[in-house]
There are 2 protein chains.
Amino acid sequence: MAENPEEVLARFEELTVLEDEFDDAELQILRQQNALTSPLYAKRAAVAAKIPHFWALVFEQCPPEVDQHIQPSDSKVFSECLETLEITRFEIDDPKGSPRSFSVKFGFGLNEHFEDKVLEKKFWFRRSQGGWMGLVSEPVKIHWKKGKDLTGGLTDAAVKLWDAKLKAAGSANGDAKAKASSLPEYKALMKKIEQGEEASLSFFAWFGFVSSWRYVSAEESEAATAAELERREKRKKGEKVEDEPEDEPDNDHQQTEVYPPGEEIATIIAEDLWPQAIKYYKSTHEGDDEELSDLEVEDYDDDSDEELDIRGLVQGKGKNSKSGESPPAKKRKT
Amino acid sequence: MAENPEEVLARFEELTVLEDEFDDAELQILRQQNALTSPLYAKRAAVAAKIPHFWALVFEQCPPEVDQHIQPSDSKVFSECLETLEITRFEIDDPKGSPRSFSVKFGFGLNEHFEDKVLEKKFWFRRSQGGWMGLVSEPVKIHWKKGKDLTGGLTDAAVKLWDAKLKAAGSANGDAKAKASSLPEYKALMKKIEQGEEASLSFFAWFGFVSSWRYVSAEESEAATAAELERREKRKKGEKVEDEPEDEPDNDHQQTEVYPPGEEIATIIAEDLWPQAIKYYKSTHEGDDEELSDLEVEDYDDDSDEELDIRGLVQGKGKNSKSGESPPAKKRKT
């Protein structure tokens, strides 16, 4: 057994080489999984399209980590007009990209709040020069109808700051980052965030999310990944490897992140809600066996913004209603 | 959009057919994953064997759902003599078995508590006639040294009841199940469980675990799986499928289950602690970069049963000690 520090350090390096290999294996498994399940997701989409409110009901039963961020007014939009949901691993075959990147595409019908038929949010899995790894995104423009913005201007302000930063970076002499906080769009967004009440923040503000840490560009990530691959090769040969430079925090970004839990929520949607959607949909009907034949879908045109329950909306009975029984877990699957 | 109950029911069936296909895909992915990672786990075992206390340190950093069940006296055994840990998907190529079944094999050195060099606990993924699915196990005999049983006789009593049930089933005229609660071994185990304080239950009692629901035999599972496959075929053809008969609860079993969270813990060990072991091991050294060269492994022969910390034991500094800093998360991986 290695007991001296040098040997322990050498073992550390050996473990890191192994971690690299596990990482490669994981990417390969993700690709195989994608190939195996993509046709099934396509079939599922075809069935779901024939089921009224399928995705709204899935969101109603979704894991609490996501559910807690869905306000009654968000639920109402989902139950009124959410028609499709689709996750795509859009970089799966891109040697410069990552199988961990994904896009979340919502399809909507006509509604009173926004003009968009599709809201697509992309998440890129990237690596920073300092070794941070995670998902980054770009604010998505939502074309809100007048007076109907559920986020109180947050997504608009996030998009404006994003565009202003891009413009500043294009015209700046390498000092764009330092200047972000002096942009008027920065101050405008800061003000919006300060005004907002986080407790009732609309789920739609998630479309403005950028990063839980800081934005990492495709160029930075490519360079950092190439440098890491070089280190991996060295480690494999047992050569000494220089540590990555420490990552600098980006307070400018963190103060203007409109949706701090955005990455966590995206991950749960992609890795739990999406693959388990049938289970969540079915759980809305659990305990309904006898009543399923009485199933009635009621229309409603209630415009109020009070506590809503999609299941109540689409089936005429609510999980929160006094007469509604809580569905018993009939079967356990591990 | 289907709005009438009959159509909704038909969609339900279509979704169930899809769920079956997703289930097949998942098993295939498990097999591919096993093939890809098995050689890496073998390499990891070789490196870990050269690192003192590797697995004890992994257990020290393990997820809280497991950690909360590890008593100071258990930690002490791990740090003294836990040498290897191995998860095997022992039914991965068995057409009658499941890739979800696994064995957890602990390798121990000489110690004051028990004679065993290996304690192996197998978990079979099984299906009951009533559609329950989950992991079942059999009590593992631990050869405790005199007066050194950390479970206060629980594992012995669980093994005795198990053997008595087997014997009764062999000699009984089909009524073995109803008779379980009349066995003296049943009453003996009930008494042991009542006497025990759950809060300080040793992790080693986990070796006595049978099922979170009830024991399901290989024969029952095979028959239930065959019946389910028939239903799947019918569903695929759009034929009407009879529901499975409801599962009967088994109070007799539940009252004598020595380790109710056993399945959950086994799953976390197999799906988190085991694949992420390097990460957990490394996290014991996080924040240690400068101190790593001062790393010292101290021997100890403290026999007391007070609050212990393996990291403290093996490195001479504790995470609970006043001078010990909590390791900062340096890098995030998603």
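Student: In this predicted model, what percentage of the 334 residues in chain A is made up of buried residues?

Tutor: The model is a predicted one, and a residue is taken as buried when its relative accessible area is under 20%. Chain A has 12 helices and four strands, and it exposes about 16800 Å², with carbon and sulfur atoms supplying 49% of that area. Of the 334 residues in chain A, the buried ones make up 49%.

Student: Among contacts in chain A between residues at least 6 apart in sequence, what percentage joins residues at least 24 apart?

Tutor: A contact here requires heavy atoms within 4.5 Å, and the pairs considered are those at least 6 apart in sequence. Within that set for chain A, the share that joins residues at least 24 apart is 70%.

Student: Which element gives the largest share of the side of chain A that touches chain B?

Tutor: The contact takes 60 residues from chain A and 60 residues from chain B, and the area buried between the two chains is about 5700 Å², of which carbon and sulfur atoms give 66%. Across this interface there are eight residue pairs in polar contact, both residues being at pLDDT 80 or more. On the side of chain A, the elements that give two or more residues are helix H1 (5-48), strand S4 (133-136), helix H10 (262-273) and helix H11 (277-283). The largest share, 24 residues, comes from H1(A).

Student: How many salt bridges does the rule find across the interface of chain A and chain B?

Tutor: The rule asks for a side-chain nitrogen of Lys or Arg within 4 Å of a carboxyl oxygen of Asp or Glu. B:Lys50 and A:Glu14 form such a pair, their closest N and O atoms being 3.4 Å apart. A search of the whole structure, over all chains, finds 44 salt bridges, while across the interface of chain A and chain B the number found is six.

Student: How many residues apart in sequence are the parts that the pair of B:Asp20 and B:Arg232 ties together?

Tutor: B:Asp20 forms a salt bridge with B:Arg232, with the closest N and O atoms 3.5 Å apart, and both of these residues are buried. B:Asp20 lies in helix H1 (residues 5-48) of chain B and B:Arg232 in helix H8 (residues 218-236) of chain B, so the parts tied together are separated in sequence by 212 residues.

Student: Why does the pair of B:Lys148 and B:Glu112 tie together separate parts of chain B?

Tutor: The side chains of B:Lys148 and B:Glu112 meet in a salt bridge, at 2.9 Å from N to O. Because B:Lys148 lies in the loop between strand S4 (133-136) and helix H5 (154-171), and B:Glu112 in the loop between S2 and strand S3 (118-127), the pair joins parts of chain B that are 36 residues apart in sequence.

Student: Is B:Lys236 buried or exposed?

Tutor: B:Lys236 meets B:Glu233 in a side-chain salt bridge at 3.8 Å, N to O, and because the two are three residues apart in helix H8 of chain B, they are separated by about one helical turn. B:Glu233 is partly exposed, with a relative accessible area of 40%. For B:Lys236 the relative accessible area is 56%, and since the cut-off for this class is over 50%, B:Lys236 is exposed.

Student: With which side chain does the side chain of B:Arg100 make a polar contact?

Tutor: B:Arg100 lies in the loop between strand S1 (82-88) and strand S2 (102-108) of chain B, and its relative accessible area of 13% makes it buried. The polar contact, at 3.4 Å, is with the side chain of B:Glu26.

Methods:
Residues are numbered from 1 along each chain as its sequence is written. Chains are lettered from A and ligands numbered from 1 in the order in which they are written. Side-chain values use heavy atoms; hydrogens and water are left out. Buried means under 20% relative accessible area, exposed over 50%, partly exposed in between (1.4 Å probe, protein chains only). A polar contact is a pair of N or O atoms within 3.5 Å; within protein, one must be able to donate a hydrogen and the other to accept it, and residues adjacent in sequence count only if both atoms are side-chain atoms. Buried area is the accessible area (1.4 Å probe) that two parts lose on being put together, summed over both. Accessible areas come from the Shrake-Rupley method with a 1.4 Å probe; for residues, only the protein chains shown count as cover.
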